[in-house]
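Thanks for coming. I will take a few minutes to walk through one protein, so please look at the screen.

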Amino acid sequence: MDRAQKEKVVDELGQIFEASGVVVVSHYAGLTVADMQDLRARARDAGGAVRVAKNKLAKIALEGKPCESIADYLDGMTVLTYSEDPVAAAKVAEDFAKENKKFEILGGAMGENALDRAGVTAVSKMPSREELIASIVGCIGAPASNIAGAIGAPASNIASILSTIEEKAEAA
């Protein structure tokens, strides 16, 4: 890799570190190509991505970035799992680590907050952005449907009372 290519990789990694809601660093020694493809597919489905890069270049890219604290984890065969959603990459990494013992999560960063192994686990258990939006919409929509039901109920009650009176009048 020549100098220009290295500079390009450092720029790309710098953008990843700035734009990502969460970055998870893991060891992947012993994983097969199929395992890595599976991890990449899971990350892509969750709205994230996986990146393998030279640790030295990643450390250079981390300089001055909010998640600079993860530089300590960049040792050995490391892979970065990241996403804009602050929870998606952590969930993908945790789920993958449960199924693949050779995939070892070291830690990560959520913005400026450094995460150790337990921190990544805690983040992975949080609801995702989509789940939060769905619950907020549900909370907002529930009162509206209750109001519509309350407004419509008296009209249906009046209609049933009128039909009962009509039936009694016809019977008499």
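What covers the buried residues of α3? Before I get to that, note that this is a predicted model.

First, the overall layout. The protein has six helices and five strands. Starting at the N terminus, the order of elements is α-β-α-β-α-β-α-β-β-α-α. Of the 172 residues, 35% are buried. The accessible surface is about 10200 Å², and carbon and sulfur atoms account for 57% of that. If we take contacts between residues at least 6 apart in sequence, 78% of them join residues at least 24 apart.

Back to the helix I asked about. Helix α3 covers residues 55–62, and its buried residues are N55, L57, A58, A61 and L62. Viewed down the axis of α3, these buried residues fall within an arc of 160°, so they line one face of the helix. As for the cover over them, it includes α1, residues 3–19, and β3, residues 78–83. Just after α3 comes G64, which has a positive phi of about 80°.

Next, a pair of helices. Helix α4, residues 88–99, packs with helix α5, residues 117–124, at an angle of about 110°, and their axes are 8 Å apart. That angle makes α4 roughly perpendicular to α5.

Which residues meet there? From α4 we have A90, K91 and E94, and from α5 R117, V120, T121, V123 and S124. Sorted by class, this contact of α4 with α5 has three nonpolar, two polar and three charged residues.

That is what I had for today.

Terms used. Residues are numbered from 1 along each chain as its sequence is written. This is a predicted model: local features need pLDDT of at least 70, side-chain atom pairs count only at pLDDT 80 or more; totals for chains, interfaces and linings use all residues. Side-chain values use heavy atoms; hydrogens and water are left out. Axes are lines fitted to C-alpha atoms, for helices over the stretch in contact, and angles run from 0 to 180 degrees between N-to-C directions. Helices (H or I, at least four residues) and strands (E, at least two) are DSSP runs, numbered from the N terminus. Angles under 35 degrees count as roughly parallel, over 145 as roughly antiparallel, 65 to 115 as roughly perpendicular and the rest as oblique. Contact means heavy atoms within 4.5 Å. Ala, Val, Leu, Ile, Met, Phe, Trp, Tyr, Cys and Pro count as nonpolar, Asp, Glu, Lys and Arg as charged, and the others, Gly among them, as polar. Buried means under 20% relative accessible area, exposed over 50%, partly exposed in between (1.4 Å probe, protein chains only). Accessible areas come from the Shrake-Rupley method with a 1.4 Å probe; for residues, only the protein chains shown count as cover. The arc is that of the directions from the helix axis to the C-beta atoms.
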